[in-house]
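Colleague: Could you walk me through how to read this one? I'd like to go feature by feature.

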Amino acid sequence: MHEKIALDTIMMTRKARTDGYINFGLKPDGSQFRIPVIIIEGKKGGPVLLVDACTHGDEYEGAEAIIAMAAYLESTEFSGTFIGVPALNLEAFSTISRASTTDGQNLNRIFPGNPDTYITMRLADIYLKRIVKHVDAVITFHGGGDVLHLEPIVGYLPTDDAIGESARQMAQAFNAGYTWRMQNLPFEGVSAQSYRKLFGIPCILPEVGSHCDRLHARQPNIGICRDGIRNVMMHLNMLPGTMPEPAKQLDVELHYIHASNGGIQTLLKKENDLVQKGELLGRITDVFGNTVEELKAPYPGVVIGFWSVPVIRPGDWWYLFAKVLD
Ligand SMILES: [Zn+2]
């Protein structure tokens, strides 16, 4: 049995649901840095599932799905416990920013954090100790945010052990079009790495939605996230029901290709395009219209996403271009 998650401020209790905050630092204005938490206890015992969003503050699709799922679960019989954290980096979320605004840190590069240093380090540390430690499985939502477009893709950390296998099954159960083994994850300090290393918890990282979609596909993308949570809960025997027909899933190895120069970028391939090695993916021109850079596909692959803002800077991600593995 897990220890129950304790909240510092309770905002609301209604039947099996509790909403509240965990505090992690007094601000100069007298308010607190805090993590919003929704806890819903199922009728029967079972796994504790943590679903979080807005580790990057401008990736809202998962946040809205967590809020919708919590409303649904309040009046639904299920097993286990649902922990929803709709805006893990609430400061970044509130300021429409990917990173924290107080210390400029990217929360998903600094796990496991540190209780004695910068505020975002403290956030990672307290999140691990007060919440993640007490759960059995995690869905941590990401997306394209305000500068990228991404097709729905579900990442998981592959290992040959039971944790890796559980994560792979959760990724498949989520049922998006692409799964990414993250065997080549080019970053350190990612939350999922700490969850596995410190507590042996399987975690999946769905990337869904972007600012490109928010005009006409905001609700469908929230629906993909919400259905994914439901599918994973069915897979974990928390919710009754029949799993949907498995989507046609491609297992890929995703690479981030960076621009070397800044300028105005033009995308020459679209999402989901299958591209041969050497084909032109994009072009960057200067303010006079002269070409300064052309990007050729370094291998045959599929376009998962791209920088979607016309202006790009040297070093920015340009294409999210994947090798197809099966
Ligand atoms: Zn993200």
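This is a predicted model: local features need pLDDT of at least 70, side-chain atom pairs count only at pLDDT 80 or more; totals for chains, interfaces and linings use all residues.

Colleague: Into which domains is the chain divided?

Modeller: Domain bounds come from an automatic or database domain assignment. Here that gives domain 1 (9-235) and domain 2 (258-324). Their centres, taken over C-alpha atoms, are separated by 29 Å. Ten residues from domain 1 and ten residues from domain 2 make up the contact, with two residues in contact if their C-beta atoms, placed from the backbone, lie within 7 Å. On the domain 1 side, strand β7 (residues 148-150) gives the most, with three residues. Strands (E, at least two) and helices (H or I, at least four residues) are DSSP runs, numbered from the N terminus.

Colleague: What is the make-up by class of the side of domain 1 that touches domain 2?

Modeller: Six nonpolar, three polar and one charged residues. The classes are: Ala, Val, Leu, Ile, Met, Phe, Trp, Tyr, Cys and Pro as nonpolar, Asp, Glu, Lys and Arg as charged, and the others, Gly among them, as polar.

Colleague: How many residues has the largest nonpolar core?

Modeller: Definitions before the count. A residue is buried if 20 or more other C-beta atoms lie within 10 Å of its own, exposed if 12 or fewer, and partly exposed in between, with C-beta atoms placed from the backbone. A nonpolar core is a set of buried Ala, Val, Leu, Ile, Met, Phe, Trp, Tyr and Cys residues joined through C-beta atoms within 7 Å. The largest one here has 93 residues, and V37, L49, L50, I83, I204 and I304 have the most contacts inside it. That core draws at least three residues from each of domain 1 and domain 2. Take L49: leaving aside neighbours within four places in sequence, L49 is in contact with residues including G80, F82, I83, V135 and M233.

Colleague: Which strands does β5 pair with, and in which sense?

Modeller: Strands of a sheet pair through backbone hydrogen bonds, either parallel or antiparallel. Two strands count as paired if DSSP finds at least two bridges between them. Strand β3 (residues 32-41) is joined to β5 by four bridges and runs antiparallel, whereas strand β4 (residues 44-52) is joined to β5 by six bridges and runs parallel. F82 in β5 stands opposite I40 and is also the bridge partner of L49. Six of the seven residues of β5 (residues 79-85) are buried, so this strand is largely enclosed by the rest of the structure.

Colleague: And what does β16 pair with?

Modeller: β16 (residues 301-307) is mostly covered, with seven of its seven residues buried. Three bridges join β16 to β7, antiparallel, and L150 has G305 as its bridge partner. Strand β13 (residues 274-275) pairs with β16 over two bridges, also antiparallel. Strand β18 (residues 317-324) pairs with β16 in the antiparallel sense over four bridges, where F306 stands opposite Y319.

Colleague: Which strands stand at the edges of the open sheet of four strands?

Modeller: The order is β15-β14-β12-β17, with antiparallel pairing. β15 (291-296) and β17 (311-312) stand at the edges, each with a single partner strand, so one side of each is left without a neighbour in the sheet. β12 (residues 263-267) and β17 pair over two bridges, and G263 has I312 as its bridge partner.

Colleague: What about helix α4: how far does it reach?

Modeller: The expected span is 1.5 Å times one less than the number of residues. Helix α4 (residues 162-174) has 13 residues and reaches 18 Å from its first C-alpha to its last, close to the 18 Å expected. Its buried residues include I163, A167, M170 and F174. Their cover includes β8 (153-156), α5 (191-199) and α6 (218-235). After α4 comes N175, whose phi is positive, near 75°.

Colleague: Why does Y156 count as buried?

Modeller: Y156 lies in strand β8, and counts as buried because it has 28 C-beta neighbours inside 10 Å. Not counting residues up to four places away in sequence, Y156 touches A167, R168, M170 and A171, among others. Y156 and I204 are 48 residues apart in sequence, yet 4.9 Å apart in space, C-alpha to C-alpha.

Conventions. Residues are numbered from 1 along each chain as its sequence is written.
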